[in-house]
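Okay, thanks for coming, everyone.

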Amino acid sequence: MTDYFATLSEFRALLKAQPDPDPQALAAAADHNMQLTKPPAALGQLEDLALWYRSWRAGPLTAIAAPQVIVFAGNHGVAARGVSAFPAEVTAQMVMNFEHGGAAINQIAGSVGAMLDVVSIDLDRPTDDFTQGPAMSEADFLTALKQGWDAVNPSADLLVVGEMGIANTTAAAALACAMLGGEAADWTGRGTGVDDAGLTLKTKVVAEGVVLHQGQGDGMETLRRLGGREIAAMAAAIARARHLRIPVILDGFICSAAALALVKTQDGALDHTVAGHLSAEGAHDKLLQALGKKPLLSLGLRLGEASGGALAIGILKAALACHAGMATFAQAGVTDA
Ligand SMILES: Cc1cc2ncn([C@H]3O[C@H](COP(=O)(O)O)[C@@H](O)[C@H]3O)c2cc1C
Ligand SMILES: O=C(O)c1cccnc1
């Protein structure tokens, strides 16, 4: 199996040839789970998570030791339409903040013991305004996909991807609307906190983009037309993780829109992912329903930066710590039912 791509059709071919979960590892994990010192299913979803995780990472029973968080940053031409409560320069300023350890994601990643990588993609060159034409040329789109693919650390044992890009809730709403249908208003939320007039304008901009680009191709083509560099990179990183059998926790609304583009291109492309949290951004619940994912956490976050996904690393770590570290009934001398 080839593990790189020089063209978009090679990227699509890679998506088609992705590995599946290991049924033997899953059966062994289920058997082990039954022997642990607790009533059956008493750890609820933690047990499902452990079994799912082990089905992707066959091999010795171990705790999660090397989670990776990647924040991709990109700028959006559509920001010039006034769709964000903040100016576009904040994207680059926040990248500096990530590098100096001052953002929310620095603290959250640190608190769950994850390494944090920040990848800026052509911040000086915003994408084109998607209400005028495709956001990215094929060459720019391919470059962003490669940045995402390359950013995944092959020795990570869990991945969370997130983003920074002023105006990217507009791009994410347009992606969801184009791929899932409905009205622009169904998918457009307040992002960084636009007021009512801002929300009306933002909804109009989303509708214009969807009218221009809807039905022009598969998920990848929609991503090129309505997405952004950081959104494309997130999609490619999620795909690379599958290639490396690294389970992925999805973050909020924007990350979910990137994920949607993958699964609209290739059925099953998100089987190695779970939803970390439910974002307070308007349409995230509907988007997660479309992905068939139930969020692990619901804490009212509406930040992005991989923050909600990174918080859920703690849940997955605990699930695997129980699965790998608990004694069996036989080992502990506890009487089984
Ligand atoms: C200081 C600051 C830090 C952030 N961290 C993430 N975002 C989030 O807000 C942006 C999306 O919202 P919109 O579409 O309304 O621009 C993205 O950059 C996202 O990551 C931030 C936004 C700001 C202002
Ligand atoms: O859920 C998200 O990803 C989100 C919501 C609001 C602003 N930025 C990101």
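Predicted model: local features only at pLDDT ≥ 70, side-chain atom pairs only at ≥ 80, totals over all residues.

Residues are numbered from 1 along each chain as its sequence is written, while chains are lettered from A and ligands numbered from 1 in the order in which they are written.

How confident is the predictor? The protein chain has an average pLDDT of 97, and 99% of the residues score at least 70; pLDDT is the predictor's confidence in each residue, from 0 to 100. For the complex, the predictor gives an ipTM of 0.99 and a pTM of 0.98.

Back to the strands. When I say helix or strand, I mean DSSP runs numbered from the N terminus: helices are H or I with at least four residues, strands are E with at least two. Ile70 sits in strand β1, residues 67-73, and seven of the seven residues there are buried. Buried here means that 20 or more other C-beta atoms lie within 10 Å of the residue's own; exposed means 12 or fewer, partly exposed is in between, and the C-beta atoms are placed from the backbone. Pro67, Val69, Val71 and Ala73 point one way from β1, Gln68, Ile70 and Phe72 point the other way, and all are buried.

And what does β1 pair with? Two strands pair if DSSP finds at least two bridges between them. β1 runs parallel to β2, with six bridges, and parallel to β3, with seven bridges. On the β3 side, Pro67 has Leu158 as its bridge partner.

Now, the ligands. Which residues come closest to ligand 1? They are Ser84, Thr169, Gly191, Thr192 and Gly304, out of 18 residues that surround it. To count as near, a residue needs its C-beta atom, placed from the backbone, within 6 Å of the molecule or strand. α4 (89-99), β3 (158-164) and α7 (168-180) each give at least two residues to that shell, and α7 has the largest share, with three residues. By class, the shell of ligand 1 holds eight nonpolar, eight polar and two charged residues. For those classes, Ala, Val, Leu, Ile, Met, Phe, Trp, Tyr, Cys and Pro count as nonpolar, Asp, Glu, Lys and Arg as charged, and the others, Gly among them, as polar.

Ligand 2 has 13 residues around it, and Gly252, Phe253, Ser279, Glu281 and Gly304 come nearest. Gly304, then, is among the closest residues for ligand 1 and also for ligand 2. The shell of ligand 2 has three nonpolar, seven polar and three charged residues.

Next, Glu305. An unreviewed UniProt entry places the feature "active site" there; such positions are given in the numbering used here, feature names are shortened, and annotations may be inferred rather than shown by experiment. Glu305 lies in the loop between α13 (284-291) and α14. Is Glu305 buried or exposed? Buried, because 28 other C-beta atoms lie within 10 Å. Leaving aside neighbours within four places in sequence, Glu305 is in contact with Val71, Ala103, Ala104, Ile105, Gly162 and Met164, where contact means C-beta atoms, placed from the backbone, within 7 Å.

Helix α10, residues 219-226, has eight of its eight residues buried, among them Met220, Glu221, Arg224 and Arg225. Its cover includes α1 (8-16), α6, α7, α9 (196-213), α11 and α12 (253-265). In helix α3, residues 44-56, the buried residues include Ala50, Trp52, Arg54 and Trp56, and what covers the buried ones includes α2 (23-35), β5 (273-275) and α14.

Ala318 belongs to helix α14, residues 307-325. The C-alpha atoms of Ala318 and Ala50 are 9.2 Å apart, although 268 residues separate the two along the chain.

Most residues other than glycine have a negative phi. Asp122, however, has a positive phi near 50°, and it lies in the loop between β2 (115-120) and α6 (138-151). Arg245 has a positive phi as well, near 60°, in the loop between α11 (229-243) and β4 (248-250). Arg245 counts as partly exposed because it has 19 other C-beta atoms within 10 Å.

Key:
Contact = placed C-beta atoms within 7 Å.
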